[in-house]
Amino acid sequence: MSYAVRAVGSLHRKARTSPYPRSTVERSHVPDDKVAWLVEWRDYNPVEYTAAAILAGPSWADPQIGERNFSPKFNERDGLVDRKSHSGPYEIENGRPRNPAGRTGLVGRGLLGRWGPNHAADPIITRWKRDNHGHNKVAHPVSGKNILQFVAIKRKDCGEWAIPGGMVDPGEKISATLKREFGEEAMNSLEKSRAEKKELEEQLHKLFNQEHFIVYKGYVDDPRNTDNAWMETEAVNYHDETGETMDNLTLEAGDDAGKVKWVEINDKLKLYASHSQFIELVAEKRGAHWGEN
C-alpha cells in the first residue's frame, strides 16, 4: 500500500489566497520566502478571523480556545475527535496549534470547525472508458493509453468540480466516511426511501469492497486553511475494472453537490483544492492516459 504524503516543505498557495472563502476578509500577504515558520519574520501580523457560523457553536465545531471546560488534547485522539496530523506532531503556540505547512496570513479557524487538523476523506471511484457497445476499452489516440473516468461532483459552495468527499465524523472509521460521503453526494442517499437505501447500501458495499489503494494521506492546500486550522485528507481509489458494479448504480447529485457525472481523466482537468494531483496519481498507478507528452 504505497501512498504519497505531501512534503510539507512544498509551498501551499490556495491557503494564502484572498478574500477568504464566503467572506470579504483579506489575509495579510505572505510572500513565498516567508511561508516557512523557520524563517524569522518579526513583523508578521496575520488577520484574526473565525466565521460567525463557527462561533455560533454547531455540534461539529470546537469552542474557542480559552473557553471554560475546553481543554483539547492536541496531537492525540481526544475522546472521539482525532487531533493527530497525518504529517506527524505539530507545534502548539500560545495554546493554539500551528499549521505544519507554514504561514497563511490568517489566524483563528475561518470556516473550519476544529483547531488543528480537520480530517476529510475523498473516495475516487474509477472505471475504464468503453466504446458504444460497452465492450472494449478506449485508448487515447496520442498517448495510446486507456482512458480512465472518475465520478466528479460540482460543489454548491464554489462551483468547482471535485471528488465527492467530506468530513470524517467523530469516532467514524475512514472506510465508513468514504462510503457515506459517496452515497450522500453522488447517489443522493439522504433523499431515498428505506427500501431504496437498503438496495443502495448493498451496491455500495460491493463497490467499496473492490480492490483499492490509498492515493494520498496528508495536508491539503485548501483556501479555508489558517495558521491554526487546516484540512487533511485520505484519498482512496476504488476501481471498477469491469464497469459492471457502476453500471447498476445511477448517479444523482445530493447534499453538498450541485451536479454529478463521469469525467475523463487528463491533465486539462481543473479541480477543487489538491484534487487534480490526487487524480494524476491514480492515472499513474493505473497506467492510464494523463497527458499527450
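This is a predicted model: local features need pLDDT of at least 70, side-chain atom pairs count only at pLDDT 80 or more; totals for chains, interfaces and linings use all residues.
Residues are numbered from 1 along each chain as its sequence is written. Local features need pLDDT of at least 70, side-chain atom pairs count only at pLDDT 80 or more, totals for linings use all residues, and side-chain values leave out hydrogens and water.

**Exercise 1.** Find the residues of the largest nonpolar core that touch the most other members.

*Solution.* Start with the term: a nonpolar core joins buried (under 20% relative accessible area, 1.4 Å probe, protein chains only) Ala, Val, Leu, Ile, Met, Phe, Trp, Tyr and Cys residues through side-chain atoms within 4.5 Å. Next, look among its 28 residues: I124, F150, V215, I265, F278 and I279 touch the most other members. Finally, note that a second, separate core of 20 residues includes I153 and L249.

**Exercise 2.** List what S276 touches, leaving out residues up to four places away in sequence.

*Solution.* First, collect the contacts (heavy atoms within 4.5 Å): they are L269, K270, L271 and W290. Then zoom in on L271, whose backbone nitrogen lies 3.4 Å from the S276 side chain.

**Exercise 3.** Describe the lining of the largest pocket by class.

*Solution.* Begin with the space, about 1100 Å³. Now go to the centre: of the 47 lining residues, H119, G166, M167, V168 and M231 are the closest to it. Last, sort the lining: 19 residues are nonpolar, nine polar and 19 charged, with Gly counted as polar.

Notes:
Buried means under 20% relative accessible area, exposed over 50%, partly exposed in between (1.4 Å probe, protein chains only). A polar contact is a pair of N or O atoms within 3.5 Å; within protein, one must be able to donate a hydrogen and the other to accept it, and residues adjacent in sequence count only if both atoms are side-chain atoms. On a 1 Å grid over the protein atoms alone, a cavity is a set of points where a 1.4 Å probe fits but cannot get out, and a pocket is an open set with protein on both sides within 12 Å along at least five of seven lines; lining residues have an atom within 4 Å of a point. Grid points are joined across faces, edges and corners, and a volume is the space filled by probe spheres set on the points.
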